[in-house]
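Reader: Could you take me on a close look at the disulfides in this model, and then walk outward to the aromatic pairs and the ligands? I would enjoy one connected account.

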Amino acid sequence: MAWTRAILYSVLSSYFWHPSSAEYVWPDEQIDELERLLFEQDSPFDPPGGNIASFVSGCTGFAGGPGGSGGRSFGAEWLRNAYHDMSTADVTAGTGGLDASIVFEMDRPENVGQAFSESLSFLGAAYTTRSSMSDMFAMGAVMAVGQCSNGNIIIPFRAGRVDATGPGPSGVPQPQEDLATHTATFAKQGFNVSEMITLVACGHTIGGVHGVDFPEIVPNPPNTGTDNTVTFDATTNDFDNSVAKQFVANVSQNPLAFGQNETTRSDFRIFNADGGKVISQMAESENYFLSTCNALLERMINTVPRSVKLTDILHPYTVKPRNLFITPNADGTVFATGFIRIINTTVDATKSQVLIHPTSRSGKLLPVTTGIRNNRLTASCSYPNCGPDFIYYQFNTTISAKDGISSFTVEIVDDASGKTIVYENGGSGFPFSDAIQPVFSLSNQSVITVDKVDYTQLNITALVLNAEDFSDVSLIVPQPLNTTAPLSPWIQDKVKMKPLNKIPGTEYTLYSGTWQGKVPTNTHPFDIVATGQKSTVSSLFNTWDNVPQIFN
Ligand code: HEM
Ligand SMILES: *[C@@H]1O[C@H](CO)[C@@H](O)[C@H](O)[C@H]1NC(C)=O
Ligand SMILES: *[C@@H]1O[C@H](CO)[C@@H](O)[C@H](O)[C@H]1NC(C)=O
Ligand SMILES: *[C@@H]1O[C@H](CO)[C@@H](O)[C@H](O)[C@H]1NC(C)=O
Ligand SMILES: *[C@@H]1O[C@H](CO)[C@@H](O)[C@H](O)[C@H]1NC(C)=O
Ligand SMILES: *[C@@H]1O[C@H](CO)[C@@H](O)[C@H](O)[C@H]1NC(C)=O
Ligand SMILES: *[C@@H]1O[C@H](CO)[C@@H](O)[C@H](O)[C@H]1NC(C)=O
Ligand SMILES: *[C@@H]1O[C@H](CO)[C@@H](O)[C@H](O)[C@H]1NC(C)=O
Ligand SMILES: *[C@@H]1O[C@H](CO)[C@@H](O)[C@H](O)[C@H]1NC(C)=O
């Protein structure tokens, strides 16, 4: 697979990621998972969904590229998917937009092609209670454009999109429609004529028209084995202005501009809608092309129903805990361990010291412990300019069960300068509570067969502090309400956990519970929740990756 790389445009650097002073307070259910997916793409902790951005690496991903063996580009598909999902918006009425309703609309003639089912299958793997399908479709477009532009376009990402529960109205623009229809459709989506021209050029700079799906546009198989694809421009894997340059120069490559069927030359009609002014400007200046595409694609992915409130633009946590575990020992102590992810410019891997200051349950400072840099563990974005590199530090400490633990702060000491920064997570420290925790060393997952049917079993042992305060301790694994629907809301599939025994010399009681799901199982991260009259305590969104697998 070969593709040419666009050169860097330093003029655009103001659009790129910059460290932010507005720190998040961890944990944040609305931010954390999406922040991880967006910034920690190439991560040592295998996340649900995998490294999503890698599926559009080099723009095409392993689809092989429009001119290559597969004839398809996953990057182009993810961008087209986001536009089609959004394009039935009515901004005046405040309805529609990016809401994942496209998953219910794939059989419509206006949504012909594999782009939509393929986008769903890749991005759907990351769909959870904390990452809506529509947020994933928006993020897919951000990553596709990031990869295809080699980091020249970093679309700012906001979270909070809400998924539709069924199909919406039809009305995706189609190539055989006339200019008046397209102008009206784009106006309904919130784009005027100049913006329509821009947005179409920004979409049609990658990928192409597949003759298998549009035989009336590409009737003569030019290139069998590639789904009869004719690309929009000669640099189909590069998000660049060559689509505009070629159009202005009358190069007849683009099948929607110069194709043999005049009826379906929608790009020709649209690019000339203002007498050719905007498309010429886009052809003349790559910087203008990239900056207008960035702004309009941002507006495109942020077009949501009026009732939906998006978050501020996501930025990475400077310091973010991961995999905080507690294991009870036999001698009245507990072993507490975890990872701290730190932005590489905040910590110097060779010269800094990372100190963890744990606080007991009652608020007393416990002995300091040193975070040890794990050389194997680093994470970063998969394409330039999308975010920082991260370094991981691991810590552990043994604490008396009597003291327990409630939180910690992270102190970074620059050994060379002696400068110290303490990260206090908004003032109260990073929560790390022994009120309720899964004990992974006593838990397991396995597949069992009953009457020739395979089930996944998740066996969790958890410790619960002061169990007498709680009337219910449950293991919850969210599952789709409708397992045959392409997209379904989650239900909280709940299993009551049973008390086993109190750990001698402590106030911890062990509980165990088994959740069972028919294979293939949706291994959505699980929660453990204890509820009582006085309080509710929980350990949320635990990944199955940390639960040992038992093979029968
Ligand atoms: C009047 C408006 C538009 C019309 C009529 C139109 C039509 C088409 C058609 C017929 C294809 C070929 C699809 C295939 O064979 O798989 C296509 C591809 C594509 N369109 Fe559009 N489009 C429009 C606007 C847009 C916009 C605004 C965007 C995004 C900003 C966009 C993004 C794409 C992309 C990325 C592809 C390539 C898909 C691939 O290679 O798999 N389109 N478009
Ligand atoms: C479209 O809107 C933009 C931004 O408001 C404006 O600069 C441009 O002149 C408008 N174009 C037309 C044709 O109205
Ligand atoms: C051109 O496209 C139109 C609209 O899709 C179609 O009805 C017509 O048959 C096509 N003409 C040819 C010659 O393929
Ligand atoms: C492209 O074609 C148009 C219409 O025939 C013509 O006016 C224009 O000069 C041509 N442009 C170039 C660069 O050849
Ligand atoms: C941090 O990561 C960035 C992005 O990959 C890299 O350019 C930079 O050299 C790294 N800085 C340090 C101090 O390691
Ligand atoms: C705890 O951390 C120390 C270094 O800080 C390390 O030597 C030790 O192996 C760790 N213990 C466990 C069980 O991870
Ligand atoms: C699997 O986990 C359950 C519940 O935590 C535990 O009772 C059981 O002993 C474990 N089985 C094995 C083989 O480790
Ligand atoms: C998981 O728990 C169930 C129910 O207690 C038990 O039958 C099963 O053997 C456990 N699985 C393993 C691997 O221990
Ligand atoms: C579940 O989804 C299927 C497929 O979309 C649909 O036909 C069915 O009506 C849905 N069931 C319920 C109860 O909504």
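**The disulfides and their surroundings**

Author: With 85 degrees about the S-S bond, the link between C59 and C148 is right-handed. Please keep in mind as we go that this is a predicted model. The sulfur atoms of C59 and C148 are 2.0 Å apart. C59 sits in the loop between α1 (32-39) and α2, while C148 belongs to helix α4 (residues 133-148), so the bond ties together parts that are 89 residues apart in sequence. Both cysteines, C59 and C148, are buried.

This link is one of three disulfides in the structure. Another joins C202 to C293, with an S to S distance of 2.1 Å. Here the handedness is left, with -90 degrees about the S-S bond of C202 and C293. C202 lies in helix α6 (residues 193-203) and C293 in helix α11 (residues 286-301), so this pair connects two helices across 91 residues of sequence. C202 and C293 are both buried.

Then there is the disulfide of C381 and C386, where the sulfur atoms are 2.0 Å apart. The link of C381 and C386 is left-handed, at -120 degrees about the S-S bond. Both C381 and C386 are buried. If you number the bonded cysteines of the chain in sequence order, the pairing reads 1-2, 3-4, 5-6.

Let us go back to the loop between α1 and α2, where C59 lies. G70 is found in this loop too.

Now for the aromatic rings. A pair of aromatic rings is described by two values, the distance of the centres and the angle of the planes. The count comes to 19 aromatic pairs. One of them is formed by W78 and F122, which are tilted, with 6.3 Å centre to centre and 50 degrees between the planes. W78 lies in helix α2 (residues 74-86) and F122 in helix α3 (residues 115-123), so their pairing ties together parts that are 44 residues apart in sequence. W78 and F122 are both buried. Another pair is that of W515 and W544, which is edge-to-face: the centres are 5.9 Å apart and the planes stand at 90 degrees. This pair also links distant parts of the chain, with W515 in strand β17 (residues 508-518) and W544 in the loop between β19 (536-542) and β20 (549-550), 29 residues apart. W515 has a relative accessible area of 2%, which means it is buried. W544 counts as buried as well, at 5% relative accessibility.

W78 and F122 are also members of a cluster: ring pairs link F55, F62, F74, W78 and F122. A ring with a charge over it can be found at F390, where R341 lies over the face at 3.8 Å from the ring centre.

Finally, the ligands. Which residues are around ligand 2? They are N192, S194 and E195. The side chain of N192 has an N or O atom 2.3 Å from an oxygen atom of ligand 2. For S194, the distance is 2.7 Å, between an N or O atom of the side chain and a nitrogen atom of the ligand. In the case of E195, an N or O atom of the side chain is 3.5 Å from an oxygen atom of ligand 2. On its own ligand 2 has 360 Å² of accessible area, and the protein covers 31% of it.

Ligand 6 has F335, I372 and N396 around it. An oxygen atom of ligand 6 lies 2.3 Å from an N or O atom in the side chain of N396. Taken alone, ligand 6 exposes 360 Å², of which the protein buries 34%.

Terms used. Residues are numbered from 1 along each chain as its sequence is written. Chains are lettered from A and ligands numbered from 1 in the order in which they are written. This is a predicted model: local features need pLDDT of at least 70, side-chain atom pairs count only at pLDDT 80 or more; totals for chains, interfaces and linings use all residues. Side-chain values use heavy atoms; hydrogens and water are left out. A residue is near a molecule or strand if one of its heavy atoms lies within 4 Å of it. A polar contact is a pair of N or O atoms within 3.5 Å; within protein, one must be able to donate a hydrogen and the other to accept it, and residues adjacent in sequence count only if both atoms are side-chain atoms. Accessible areas come from the Shrake-Rupley method with a 1.4 Å probe; for residues, only the protein chains shown count as cover. Rings of Phe, Tyr and Trp (its six-membered ring) pair if their centres lie within 6.5 Å; planes under 30 degrees apart count as stacked, over 60 as edge-to-face and the rest as tilted. Helices (H or I, at least four residues) and strands (E, at least two) are DSSP runs, numbered from the N terminus. Buried means under 20% relative accessible area, exposed over 50%, partly exposed in between (1.4 Å probe, protein chains only). A charge sits over a ring if NZ of Lys or CZ of Arg is within 6 Å of the ring centre and within 35 degrees of the ring normal. A disulfide is a pair of cysteine sulfur atoms within 2.5 Å.
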